[in-house]
Amino acid sequence: MTRDTYRSIGAITGLVIGIVLMRSLGLGGIIYGAIFGASGATIGGIVGEQLHGARNDS
């Protein structure tokens with residue numbers, strides 16, 4: 001898979017994790033959704049790129 005694919009999968013996974021974390025903390029609303037969703041997507045994209053680099057540098 002390409003780096004972009006890893007980044008996309010990581011971003012979608014991070015978005016879902018961020019929203020689930022938000023709901024499990026008992027928070028709701030557009031502002032919290034934007035904060036947790038954007039943070040999760042950004043961190044997930046970074047982790048996806050790191051995984052791509054670790055798997056394909058050898």
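This is a predicted model: local features need pLDDT of at least 70, side-chain atom pairs count only at pLDDT 80 or more; totals for chains, interfaces and linings use all residues.
## Helix packing

Helix H1 spans residues 3-24, and helix H2 spans residues 30-56. Their axes come within 6 Å and cross at roughly 145°. The crossing is right-handed. Residues of the H1 contact with H2 divide into 10 nonpolar, 10 polar and 4 charged.

Ala38 sits in helix H2. Ala38 is partly exposed, at 43% relative accessible area.

## Salt bridges

The whole structure holds 3 salt bridges. Arg3 pairs with Glu49 at 4.0 Å, N to O. That pair links distant parts of the chain: Arg3 is in helix H1, Glu49 is in helix H2, and they are 46 residues apart.

Arg7 also bridges to Glu49, with the closest N and O atoms 2.6 Å apart. Arg7 lies in H1 and Glu49 in H2, so this pair ties together parts 42 residues apart in sequence. Shared partners join Arg3, Asp4, Arg7 and Glu49 into one network. Within helix H1, Arg7 and Asp4 are 3 residues apart, about one turn. Their closest N and O atoms are 3.1 Å apart.

## Nonpolar surface

Ile12, Val16 and Val20 make a nonpolar surface patch of about 280 Å². Val20 lies in helix H1. Val20 counts as exposed because its relative accessible area is 51%, and the cut-off is over 50%.

Note on methods: Residues are numbered from 1 along each chain as its sequence is written. Side-chain values use heavy atoms; hydrogens and water are left out. Axes are lines fitted to C-alpha atoms, for helices over the stretch in contact, and angles run from 0 to 180 degrees between N-to-C directions. Helices (H or I, at least four residues) and strands (E, at least two) are DSSP runs, numbered from the N terminus. A crossing is left-handed if the near helix is turned anticlockwise from the far one by less than a right angle, and right-handed if clockwise. Ala, Val, Leu, Ile, Met, Phe, Trp, Tyr, Cys and Pro count as nonpolar, Asp, Glu, Lys and Arg as charged, and the others, Gly among them, as polar. Patches are made of residues with over 30% relative accessible area and no salt bridge: like charges are joined within 9 Å, nonpolar side chains (Val, Leu, Ile, Met, Phe, Trp, Tyr) within 5 Å. Accessible areas come from the Shrake-Rupley method with a 1.4 Å probe; for residues, only the protein chains shown count as cover. A salt bridge is a side-chain nitrogen of Lys or Arg within 4 Å of a carboxyl oxygen of Asp or Glu. Buried means under 20% relative accessible area, exposed over 50%, partly exposed in between (1.4 Å probe, protein chains only).
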